[in-house]
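Q: Hey, can we go through a structure together? I'd like to ask about a few spots as they come up.

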Amino acid sequence: MWKYILRRILYTIPIAIGVYTITFLLFHLRDPIAIAKVHLPQAPLPVLQDWVRANNYHLPLFLNLPHHAEEVRPDGRVHPEFKEKSIFYSRYFLGLKDLITFNFGKDKNNRDILEQMKERAIPSLSVMFPAFVISIFISLFFSLLSVYSPLWVDRTISFFAVVSMSIAIPVYLLLAGWIFGSFLKIVPIYGDPLPAIIVAVIAGLGGQIRFYRTVLMDQKYQLFVRASRLRGATTWYVLIFHVLRNASIPILTTVMMSLPFLITGSLLLEQFFGIPGMGDMMYSAIISQDFPVIRALVYLGAFLYMLGNVLTDISYAFVDPRIRLE
């Protein structure tokens, strides 16, 4: 088992480097002076060049080659000191080092990005984690009920699931604002996580119920399920120990792949209900064109997604020991 986990983690390293390289290119292929103009739109050229130098945009892109020490860099200066540096003295490798050491730098207002992430992860988790757990239990319950109930119950649940999927999230947000603002005045709409949790649960139920129902329905007609029922097993025993257990691989996939979104949060929910989480942080960074924050959040989202992939594969091995990484 430990060999399997180690090999799965090692396989992730080249993928992580690839993700970093693509993301790095997206944020660094632009002219450094154009990037400086976003931060200092009214500044003259010398000030823009100072900003480029202060943020290391004057460094070579990938490798520090000899000719870089003899040419005029984007900050308007020649840097002979580059000759004394190693070949890895470049934006790419320095950025990789910063990423490994969790040094995400400063935002436009000179605030530490990592500290902001730590502060904003808790509000995101306070919304997404309860919504995540509640929606899993409710959707699994209705999926099992749909599979082993009379046809009219199955069709009723399927109907409401499809209706739930057909409604866009902004409609749920407006309905929640109307209900909690006009009728259920138990919590404030703005700044309280409860309305956001309820919307997150209801908006996600339809898709989850449809998916889980399809997976469970596929197991319902397997021979081992029929054999178990012929031996006199009760419906709930068959559901839990045969149907649900054998359907656990696709269910685990969706559950584990949802874990990164618990931290990155939901941009729409946090904006509408005034939750100061990671989604709100991303929205504010996009609006203000704060590229260091956007870049850090893109890195975080990509690597959390890869972590979810690794956890998914590891969970497969625990659920079904026959699975091995070959």
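Predicted model: local features only at pLDDT ≥ 70, side-chain atom pairs only at ≥ 80, totals over all residues.

Q: OK, which side chain of opposite charge is nearest to Asp-290?
A: That's Arg-111, 6.0 Å away. Asp-290 has no salt bridge, even though it is buried.

Q: You mentioned His-39. What about its helix, H2: how many of its residues are buried?
A: In H2 (residues 32-39), 6 of the 8 are buried, so the helix is largely enclosed by the rest of the structure. His-39 is one of the buried ones, along with Pro-32, Ile-33, Ile-35, Ala-36 and Val-38.

Q: What do those buried residues pack against?
A: They pack against H1, helix H3 (45-54) and H14.

Q: Switching topic: is Leu-6 buried or exposed?
A: Leu-6 is exposed, because its relative accessibility is 52% and the cut-off for exposed is over 50%. Leu-6 is part of helix H1 (residues 2-28).

Q: Last one, Glu-270. Which backbone nitrogen lies 2.8 Å from a polar atom of its side chain?
A: The one of Asp-280. Glu-270 itself is in helix H12 (residues 267-273).

Q: And which side chain of opposite charge is nearest to Glu-270?
A: Arg-120, at 6.0 Å. Glu-270 is buried and has no salt bridge.

Notes:
Residues numbered from 1 in each chain as written. Heavy atoms only, no water. Helix = DSSP H or I, 4+ residues; strand = E, 2+ residues; numbered from the N terminus. Buried < 20%, exposed > 50% of the residue type's maximum accessible area, 1.4 Å probe, protein only. Lys, Arg positive; Asp, Glu negative; His and termini not counted. Salt bridge = Lys/Arg side-chain N within 4 Å of Asp/Glu carboxyl O. Polar contact = N/O pair within 3.5 Å; in protein donor to acceptor, adjacent residues only side chain to side chain. Contact = heavy atoms within 4.5 Å.
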